[in-house]
Amino acid sequence: MIMPEERIIVPKPDRRKKIATIITVIVIIVGSGIIAHFNIIDVFRNLSKGVSILKRMFWPPDFTYIPNIVKPMLETIRMAIVGTCVGAIIALPIAVLAANNFIKTKWLHVPLRFILNIFRTIPALVLASLFVAVFGTGAFSGVVALSVFTFGLVSKLTYESIEAIDYGQVEALISLGANKLNILRYAIMPQILPQYLSYTLYGFEVNVRAAAVLGYVGAGGIGQLFEFNLAWRKFGKIGMIIIFSFCVVMIIDLVSSSIRKRLV
Amino acid sequence: MIEFKGVSKVYPNGVRALNNINLKIEEGEFVAIIGLSGAGKSTLLRLMNKLIDATEGEVFFQGESVTKARGRALINIRRQIGMIFQGFNIVKRMSVMNNVLSGRVAYNPTALTILGIFPESDKQIAYRALKKVDILEKVHNRASDLSGGQQQRVAIARALAQEPKLMLADEPVASLDPITTVQVMDYLKKINEEDGITTIANLHHVDLAWKYATRVIGVRAGEVIYDVQMKGMDKKQFYEDLEGVYGRALHSDEVLGE
Ligand SMILES: Nc1ncnc2c1ncn2[C@@H]1O[C@H](COP(=O)(O)OP(=O)(O)OP(=O)(O)O)[C@@H](O)[C@H]1O
Ligand SMILES: [Mg+2]
């Protein structure tokens, strides 16, 4: 005899939480719009103005301006390269000290990590304005800002990688009488080097983009040219700068991320 | 060679892994340490080169206190003691040669070793060590490209490069298949007999203890409860004794079979 199949009754999911979340999000968006004096009518009123500026920027494209862009663009890339290298090189030993499985005394890595976490939260642009105030305008301030920024980024990611290594390999080196430096060289570095290089390349990608806007606060590079043209309302030239920077950043990202994929 | 005097080990979490161990291991012995999981075998082994610190008592290596050794003296002890592990613990992203050479770091100035510079004599030691375990042809391979059995042989070669007096092996074949197991154990035996390197191995399979060891030590709940010389030992008697060490009949996975 076949038993009739029992009807399974599952309680309906509780919708209240979902609805509450949606309402909260809407309230936050609308509320912050009001606080920021955002007015949708203003947007439409200025729309035609915006469209005409956009048109002046990109049509017709002003290719004759490219030769003037190349030099500051190269300066931007140079800034990114130097900033990345300096920051990443300093980051490596600091990351080693910040990892809790290499030096096990807490008094060192706990405060160190705290400092590194602070470094990581400061945007490159803020660092740049700070260093422009200290060292004056120019590429040097930009490079220092990028170095500090890269340092924060790479050191944090690297010390987390160090903490995730296979400790058995370290133990083997301890067991055969290796000192700290040899452990670093023969058990830790081989394990983290690919990741470290990958983080450095990633830092470089971020830095190229950051370096492009640093000029805005006077820290050298293509941003400075951008600001100059904006002040004179030369929209065609600005458009070309944007197109050109976009292409350069794209190419660098593509090359760098394909190398990164092969590294790890 | 190795002596334990009243050694106890209590881990920070309060586990008493070893309790008042008194033990003496002589030069040239091939000692198998047998016991249930958690009995304290690894703890016993790791006290011998101070990978962990004793809570009470003292461990001696060739008359010198391991327990009290620090800095240079500790390095001097450790470099004379090779150790191989269940997980091989060779550096996978490095070449076989560099792995074996790393066994020489404690004999050379750090300023040179961190640059990867080793004297020709050390390279010869490394080649000989690789030849001893028949894996010299892999010298330039990346360690990660080798099979498990080959990686364990590289680990043995690295330990041999230390020119050790003592070889510790913590479940050296537990991650290997039966055929490679016999290979690796044969190498350990060969090294023990030909080079006179005292060997102490934690073993999971009692058959391996029977086949290779000259002495078997049984550990249970942190105490040495069994300690016999294997010469003239009766096989049936031995297996019966081990059931006593385990406190139960042997499981099929503890016996390899013939
Ligand atoms: N680092 C540690 N911290 C805390 N307790 C530990 C630690 N290492 C081992 N123990 C405990 O100490 C006891 C002995 O462990 P040990 O590793 O020496 O056993 P073992 O005989 O080697 O076992 P196995 O056959 O599983 O390797 C176990 O109860 C274990 O849980
Ligand atoms: Mg163990």
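## Shell around ligand 1

Helix H1 (residues 41–48) of chain B gives the most to the shell around ligand 1, contributing three residues. Helices here are DSSP runs of H or I with at least four residues, and strands are runs of E with at least two, numbered from the N terminus. The model is predicted, so-called local features need pLDDT of at least 70, side-chain atom pairs count only at pLDDT 80 or more, and totals for chains, interfaces and linings use all residues. Residues are numbered from 1 along each chain as its sequence is written, chains are lettered from A and ligands numbered from 1 in the order in which they are written, and side-chain values use heavy atoms, with hydrogens and water left out.

In total, 13 residues surround ligand 1, each with a heavy atom within 4 Å of the ligand. The closest are B:Ser37, B:Gly38, B:Lys41, B:Ser42 and B:Thr43. By class, the shell has five nonpolar, six polar and two charged residues; Ala, Val, Leu, Ile, Met, Phe, Trp, Tyr, Cys and Pro count as nonpolar, Asp, Glu, Lys and Arg as charged, and the others, Gly among them, as polar.

## Polar contacts of the ligand

An N or O atom in the side chain of B:Thr43 lies 2.5 Å from an oxygen atom of ligand 1. A polar backbone atom of B:Gly38 is 2.7 Å from a ligand oxygen, and an N or O atom in the side chain of B:Tyr11 is 3.5 Å from a ligand nitrogen. On its own, ligand 1 has 630 Å² of accessible area (Shrake-Rupley method, 1.4 Å probe), and the protein covers 62% of this.

## Interface of chains A and B

The contact (heavy atoms within 4.5 Å) takes 28 residues from chain B and 21 residues from chain A. The two chains bury about 2,000 Å² between them, 58% of it on carbon and sulfur atoms; buried area is the accessible area lost when the two parts are put together, summed over both.

One salt bridge is found across this interface, where a salt bridge is a side-chain nitrogen of Lys or Arg within 4 Å of a carboxyl oxygen of Asp or Glu. The side chains of A:Glu171 and B:Arg46 meet in a salt bridge at 2.4 Å, N to O.

## Salt bridges in the whole structure

Over all chains, the search finds 17 salt bridges. In one of chain B, the side chains of B:Glu56 and B:Arg16 meet at 3.5 Å, N to O. This pair links distant parts of the chain, 40 residues apart: B:Glu56 is in strand S4 (residues 56–61) and B:Arg16 in strand S2 (residues 16–25).

Technical notes:
A polar contact is a pair of N or O atoms within 3.5 Å; within protein, one must be able to donate a hydrogen and the other to accept it, and residues adjacent in sequence count only if both atoms are side-chain atoms. Buried area is the accessible area (1.4 Å probe) that two parts lose on being put together, summed over both.
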